[in-house]
Amino acid sequence: MMQDTKKTTIVIGAGIVGAATAFELQRRGRQVTLIDKGEPGQGTSFGNMASIALDFAAGSGPSTWRKMPGWLLDPEGPVWLRPAYAPKIIPWFLRFLAAGRPSRLRQIEDAGMSLSAPALGDFRSMLQAIGAPELMTEEGCLAIYETEAEFAGDRGHIEMMQRYGFEHSVLDNAGIRDLEPSLSPHIAKAVLLPNNKSIRNPYHLVLKLVDAAKAAGAGFVSGAVVTIERRAGGGVTVVLSDGRRIEADDAVVAAGVPTRAIAKSLGEPIPLETERGYHTQIMAPGIEMRYSVIWPARAFMVTPTAGGIRVGGNVELAGLDAPPDYRRPRVLVRHAQRALPGLKVEDAKDWMGHRPSLPDTIPIISASSRLPGVWYATGHGHLGLTYSATTARLIADMIGGITPSIDMAPFRINRY
Ligand SMILES: Cc1cc2nc3c(=O)[nH]c(=O)nc-3n(C[C@H](O)[C@H](O)[C@H](O)COP(=O)(O)OP(=O)(O)OC[C@H]3O[C@@H](n4cnc5c(N)ncnc54)[C@H](O)[C@@H]3O)c2cc1C
């Protein structure tokens, strides 16, 4: 594809979203400069649970406001709120609850599923293009339920998968152990999601994308972006904290949660919050696993990835600056040992990252509403890995003047 041969684009942020976007734009013939304030792939994209999770689930629903107090009060529950952060999160949280009303919820599910539908195909094409198809496993994911009551409690999600024709099958105890013998015999039921593949190492994937973009001619600049200005005569100037100014025809902001500050400096504030999440990477787990496992009632996953087994998930609302509280992943590991009785925690390391989350769960993939030539690819929340290749394709289409294959209105920046 040779459109826009001489046009230049700056991509801000070398996480999975920025790296995929930089690669796609460079591949289509644009001259790309990727900018990151740190090393590529060391932000949130370093430590996610490696799952191509196609079964989009809205964060909020009609009964969320009733469940939330119980979650917040349970020290082992799926959501933790640091009391000092409570006043700051209230505006975001009210929007989150509003996104759960039935009329809005269906629109959000339609939008999420419009990204999920092409996500696996887009991901495969991206891996093929960087010469790394082996980075994706062929096995899917098992959603597990310890009791029939837990299974019944997840009925809404299972009905949603049926509504959208999402491939899945319900397994009983024997069926579960056939597929994944390391799972406890006490797990009553599971739903196999055969298309929710895993990535063998999400960090290596970012590095491969950056290397592939560079090999195709992209440049990399180390530096922290503070704002973007309109350039006289067209195009944009990206301004770095040390005063450097870099010009281009377009700029894509894919900086994770700090995108909030850049957007604010352009006069278009977005309600982007960090939903902090933890993992424990266990290099000597004492068991082998082929499938990733999600336990919906306890809101965490276990994935064989990065050369070991990774246990992680959950949500902590505490802002960007509070230090990690590594008691959190301990709770997840204890839950994991209940599901996988042979799991040992040897040669293990904890990690914390910031999901860039919008209150309605779906990302911003959009032109700026204020500055022509500025684009946003952010707010992917729990699904940034899953939607990275699709986001890259959609942004590259819009920048290149190609009408995207899906309705982009739900993902516009000025929807709030
Ligand atoms: C515990 C956990 C489990 C998860 N599991 C999954 C999963 O299984 N599947 C899935 O799809 N998603 C999952 N996610 C979500 C996923 O990891 C994120 O949505 C995704 O990594 C976001 O990618 P990003 O590129 O937007 O942000 P990041 O990876 O954070 O990258 C942003 C980059 O921008 C750079 N940057 C920031 N500010 C500036 C600036 N001012 N100037 C220059 N550079 C800047 C940063 O240094 C960073 O490199 C999980 C997240 C967590 C925390």
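This is a predicted model: local features need pLDDT of at least 70, side-chain atom pairs count only at pLDDT 80 or more; totals for chains, interfaces and linings use all residues.
Trainee: How is α1 oriented against α8?

Mentor: Helices (H or I, at least four residues) and strands (E, at least two) are DSSP runs numbered from the N terminus. Helix α1 (residues 16-27) and helix α8 (residues 202-215) pack at about 25° with axes 8 Å apart; axes are lines fitted to C-alpha atoms, for helices over the stretch in contact, and angles run from 0 to 180 degrees between N-to-C directions. Angles under 35 degrees count as roughly parallel, over 145 as roughly antiparallel, 65 to 115 as roughly perpendicular and the rest as oblique. So α1 against α8 is roughly parallel.

Trainee: How many charged residues are in the contact of α1 with α8?

Mentor: Contact means C-beta atoms, placed from the backbone, within 7 Å, and here Ile16, Ala19, Ala20, Ala22, Phe23 and Gln26 of α1 meet Pro202, Leu205, Val206, Leu209, Val210, Ala212 and Ala213 of α8. For the classes, Ala, Val, Leu, Ile, Met, Phe, Trp, Tyr, Cys and Pro count as nonpolar, Asp, Glu, Lys and Arg as charged, and the others, Gly among them, as polar. The contact of α1 with α8 splits into 12 nonpolar, 1 polar and, for charged, none: no charged residues.

Trainee: And α11, how does α1 lie against that one?

Mentor: Helix α11 (residues 388-399) packs on α1 at about 45°, with the axes 8 Å apart. That angle makes α1 and α11 oblique.

Trainee: How many charged residues does the contact of α1 with α11 have?

Mentor: From α1 the contact takes in residues including Thr21 and Glu24, and from α11 residues including Ser388 and Arg393. The contact of α1 with α11 has 10 nonpolar and 3 polar residues, and the charged ones number 2.

Trainee: Which residues are closest to the ligand?

Mentor: A residue is near a molecule or strand if its C-beta atom, placed from the backbone, lies within 6 Å of it. The ligand has 41 residues around it, and α1, β2 (31-36), β12 (273-284), β15 (308-317) and β16 (346-357) each give two or more to that shell. By class the shell has 17 nonpolar, 21 polar and 3 charged residues. The closest are Gly15, Gly43, Gly256, Gly277 and Gly384.

Trainee: Is Asn314 buried or exposed?

Mentor: Asn314 lies in strand β15, and has a positive phi of about 65° without being a glycine. The cut-offs: buried is 20 or more other C-beta atoms within 10 Å of a residue's own, exposed is 12 or fewer, partly exposed is in between, with C-beta atoms placed from the backbone. With 23 such atoms, Asn314 is buried.

Trainee: What about Asp347, buried or exposed?

Mentor: Asp347 sits in strand β16, and its phi is positive too, near 55°. It has 11 C-beta neighbours inside 10 Å, so Asp347 is exposed.

Trainee: How many residues of α6 are buried?

Mentor: Helix α6 (residues 155-163) has 9 residues and lies largely in the open. Just after α6, Gly165 takes a positive phi of about 65°.

Definitions and conventions
Residues are numbered from 1 along each chain as its sequence is written. Two residues are in contact if their C-beta atoms, placed from the backbone, lie within 7 Å.
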